[in-house]
Amino acid sequence: MRLSAFPTGLVLAAALLAGGLARAETYRGYPEVPYSIERQTGAFELRRYPARTIAEVVVDGTRFAAINRGFSELAHYIFGENAAGEKIAMTVPVGQTRTDLGWAIRFTMPEGSAPETLPEPTESWVRLRRLPPETLLVARFSGRATAEKLNAAGRELVAEARAQGLRLSGPARLMFYDDPFTMPWNRRNEVAYPVVAR
């Protein structure tokens, strides 16, 4: 997999500025992946997500290095480095999940997209796939998404699931909404676990 020549912060900021699909559910003017809230308790939300299409790359290395590299590769795809030379709107959040092969970095494609209707990636490591509907238990926090804060949010989610009588499946989903230039206290970060249907 090639490394991008673009500085990560500039790529992230440019990608967020490349948004452009307006819809009722937005975050700071950018389309947000749709969901419905089934239950809310303090900082925790039980959310229902519909089926959706993602572009994904899997990157080895540390969490921070992986999201920088993966973000850059996906940004190239949505900026038009694809078989059709088409630009695709940026949505939020950017997802990150640990897998057996490394860190999976995800961009959710605009609503109504399907793998067969999107431009074909020119790089073999960019994969388009469809996610089924799912329920997630989500914890939200602001500030810098340090390993300590992410791990603490994960532990709190497990405790909350126990209190609600929910069964979670792993691994944790990390979701980030802001570019690197956003002041830490204004950032929106989330940790989520899929909820196993009863």
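Helices (H or I, at least four residues) and strands (E, at least two) are DSSP runs, numbered from the N terminus. The model is predicted: local features need pLDDT of at least 70, side-chain atom pairs count only at pLDDT 80 or more, and totals for chains, interfaces and linings use all residues. Residues are numbered from 1 along each chain as its sequence is written, and side-chain values use heavy atoms, with hydrogens and water left out.

**Exercise 1.** Locate A51 and state which residues A51 touches, not counting residues up to four places away in sequence.

Solution.
1. A51 sits in the loop between strand 4 and strand 5.
2. With a relative accessible area of 30%, A51 is partly exposed; buried means under 20%, exposed over 50%, and partly exposed in between (1.4 Å probe, protein chains only).
3. Contact means heavy atoms within 4.5 Å. Beyond the excluded neighbours, A51 touches R130, L131, P132 and P133.
4. In sequence A51 and L131 are 80 residues apart, yet their C-alpha atoms are 5.5 Å apart in space.

**Exercise 2.** Work out the strand order of the open sheet and which strands stand at its edges.

Solution.
1. Two strands pair if DSSP finds at least two bridges between them.
2. The open sheet has nine strands in the order 3-4-9-11-10-6-7-5-8, with antiparallel pairing.
3. Strand 3 and strand 8 (127–131) are at the edges; each has a single partner strand, so one side of each lacks a neighbour in the sheet.
4. Direction ignored, neighbouring strands of this sheet are turned by 30° against each other on average.

**Exercise 3.** Describe the surroundings of strand 11: are its residues buried or exposed, and which strands pair with it?

Solution.
1. Six of the six residues of strand 11 are buried, so the rest of the structure largely encloses this strand.
2. N189, V191 and Y193 are buried on one side, and E190, A192 and P194 are buried on the other.
3. In a regular strand the side chains alternate between the two faces of the sheet.
4. Strand 9 is joined to strand 11 by six bridges, and the two run antiparallel. Strand 10 is joined to strand 11 by four bridges, also antiparallel.
5. N189 has F141 opposite and also F176 opposite, while P194 is the bridge partner of L136.

**Exercise 4.** Determine which residues of helix 3 are buried and what they pack against.

Solution.
1. Helix 3 (residues 147–164) has 18 residues and reaches 26 Å from its first C-alpha to its last, close to the expected 26 Å; the expected span is 1.5 Å times one less than the number of residues.
2. The buried residues are L150, A153, G154, L157, E160, A161 and Q164.
3. These cover an arc of only 125° around the axis, which puts them on the same side of helix 3. The arc is that of the directions from the helix axis to the C-beta atoms.
4. On the other side of helix 3, E148, R155, R162 and A163 are exposed.
5. The packing partners of the buried residues include helix 2 (63–78), strand 9 (134–141) and strand 11 (189–194).

**Exercise 5.** Identify the residues with the most contacts inside the largest nonpolar core, and the element giving its largest share.

Solution.
1. A nonpolar core is a set of buried Ala, Val, Leu, Ile, Met, Phe, Trp, Tyr and Cys residues joined through side-chain atoms within 4.5 Å.
2. The largest has 36 residues, and Y77, F107 and M109 have the most contacts inside it.
3. Helix 2 gives the largest share of this core, seven residues.
4. A second, separate core has nine residues, among them Y27, V33, Y49 and Y177.

How values were computed: Axes are lines fitted to C-alpha atoms, for helices over the stretch in contact, and angles run from 0 to 180 degrees between N-to-C directions.
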